Amino acid sequence: MDARKIKSTLSDIAAERDPTVKCLKLASLCSTLWGERGVELVVVGGSAIEILTEGAYTSGDLDMCHVKATTLPIRQRQEVMGLLGAKGGPRNWQVAGMFMDLLGPVESFARTPYRRVRGPYGEVLVMKPEDLLVERVLVSVYPQPDETARKCARLLAGVALRQELEMDWNEVRRIAGRPEYRNLSQCVELLKEVADELKTQNPLHPD
Amino acid sequence: MNSKPKIPCIPINGVLSYADWLKGRRARRKSSQLVAPGINRRKRSSSDKRLKKLFKGERGLPFTPTEQL
């Protein structure tokens with residue numbers, strides 16, 4: 001992407017007033033620029049939940065990880081983010097009227113692919129909802145009950161049960177049974193709760 | 001016959017176009033509101049200082065109303 005294109009793209013992102021669209025646009029631009037330098041980025045956390053659910057959850061920061069263990073060297077990170085007029089670094093930057101946090105290598109157990117959205121400035125990888133769901137159910141219970149995490153899990157479950165987000169329920173079951181989580185019964189319970197409210201079948205029902 | 005208009009689903013495989021992602025926003029918001037009504041943004045986090053400074057006391061931009069999606 002050349003300097004002129006970056007400039008017009010940045011103007012568009014800075015002018016964007018919808019937080020979810022702004023987030024996707026910035027992820028699209030960053031993914032393209034880092035991808036040109038050999039590092040694949042993926043949107044994670046609350047930003048990923050927002051892109052997948054429109055849950056009115058995201059704040060003014062975009063959380064991204066790199067897909068593989070290696071990332072750009074610090075100097076190169078600062079140079080590429082410098083092309084965007086970013087301030088700060090080397091792991092979080094203020095750019096185009098929001099913040100971008102680079103959280104390190106992604107942690108994923110699902111065998112499903114990252115979800116892919118072709119953003120306006122290039123393709124965006126989004127964290128797998130199977131991982132997000134099981135993780136949020138865990139955080140909603142441990143170390144303390146967490147109502148916000150539970151709402152996030154409900155958002156993912158609700159949008160998936162209404163078939164607006166394709167979820168691999170066998171993967172959800174498998175991940176929740178892994179030693180890293182061991183929360184299958186809590187996932188089943190949450191899915192039952194949401195499925196009952198939506199008057200649909202619980203895909204994690206043991207039968 | 002099912003007369004419900006086809007809402008683009010975020011697929012496991014393949015790439016969702018930007019136009020289809022935009023087209024599905026209202027449906028996803030409506031589904032989200034059924035199970036977690038209102039604004040679900042965290043009230044606070046470790047990023048509050050920088051967020052509130054940038055967003056004039058808020059933690060982010062206001063969400064677009066569902067009917068405008």
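In what order do the eight strands of the open sheet run? I will start there, and please keep in mind that this is a predicted model. The order is 3(A)-4(A)-5(A)-2(A)-1(A)-7(A)-6(A)-1(B), and the pairing is mixed.

Let me go through some of the pairs. Strand 4 of chain A, residues 92–95, is antiparallel to strand 5 of chain A, residues 98–105, and four bridges join them. Within strand 5 of chain A, the residue opposite A:Asn92 is A:Asp101. Next, strand 1 and strand 7 of chain A are parallel, with two bridges. There A:Val42 has A:Leu125 of strand 7 of chain A as its bridge partner. Strand 7 of chain A is also joined to strand 6 of chain A, this time antiparallel and by five bridges. A:Arg115 faces A:Val126 of strand 7 of chain A, and a hairpin of two residues connects strand 6 of chain A to strand 7 of chain A.

Now the step across to the other chain. Strand 6 of chain A pairs with strand 1 of chain B in the parallel sense, over two bridges. A:Val117 has B:Leu16 as its bridge partner in strand 1 of chain B.

On the sheet packs helix 2 of chain A, residues 19–36. Helix 2 of chain A touches strands 1, 2, 4, 5, 6 and 7 of chain A, and its direction makes about 105 degrees with that of strand 7 of chain A.

On to the chain as a whole. Chain A has eight helices and seven strands. Its C-alpha atoms fill a box of roughly 55 × 35 × 30 Å along the principal axes.

Two helix pairs are next, and both involve helix 8 of chain A, residues 184–197. Helix 6 of chain A, residues 147–161, packs with helix 8 of chain A at about 55 degrees, the axes being 10 Å apart. The two helices are therefore oblique to each other. Their crossing is right-handed. From helix 6 of chain A come A:Ala153, A:Arg154, A:Ala157, A:Gly158 and A:Leu161; they meet A:Leu190, A:Leu191, A:Val194 and A:Ala195 of helix 8 of chain A. Seven residues of this contact are nonpolar, one is polar and one is charged.

The other partner is helix 5 of chain A, residues 129–141, which packs with helix 8 of chain A at about 100 degrees, again with axes 10 Å apart. That makes helix 5 of chain A roughly perpendicular to helix 8 of chain A. A:Val134, A:Val137 and A:Val141 of helix 5 of chain A meet A:Gln186, A:Cys187 and A:Leu190 of helix 8 of chain A. Here five residues are nonpolar, one is polar and none is charged.

Last, the contact between the chains. Chain A puts in 40 residues and chain B 35. On the chain B side, strand 1, helix 1 (18–23), helix 2 (25–35) and helix 3 (48–54) each supply at least two residues. Which of these elements gives the most? Helix 2 of chain B does, with eight residues. By class, the side of chain B that touches chain A has 19 nonpolar, nine polar and seven charged residues.

Conventions:
Residues numbered from 1 in each chain as written. Chains lettered and ligands numbered in written order. Predicted model: local features only at pLDDT ≥ 70, side-chain atom pairs only at ≥ 80, totals over all residues. Axes fitted to C-alpha atoms, helices over the stretch in contact; angles between N-to-C directions. Parallel < 35°, antiparallel > 145°, perpendicular 65-115°, else oblique. Left-handed = near helix turned anticlockwise from the far one by under 90°. Contact = placed C-beta atoms within 7 Å. Nonpolar A, V, L, I, M, F, W, Y, C, P; charged D, E, K, R; others polar. Pairing = 2+ DSSP bridges.
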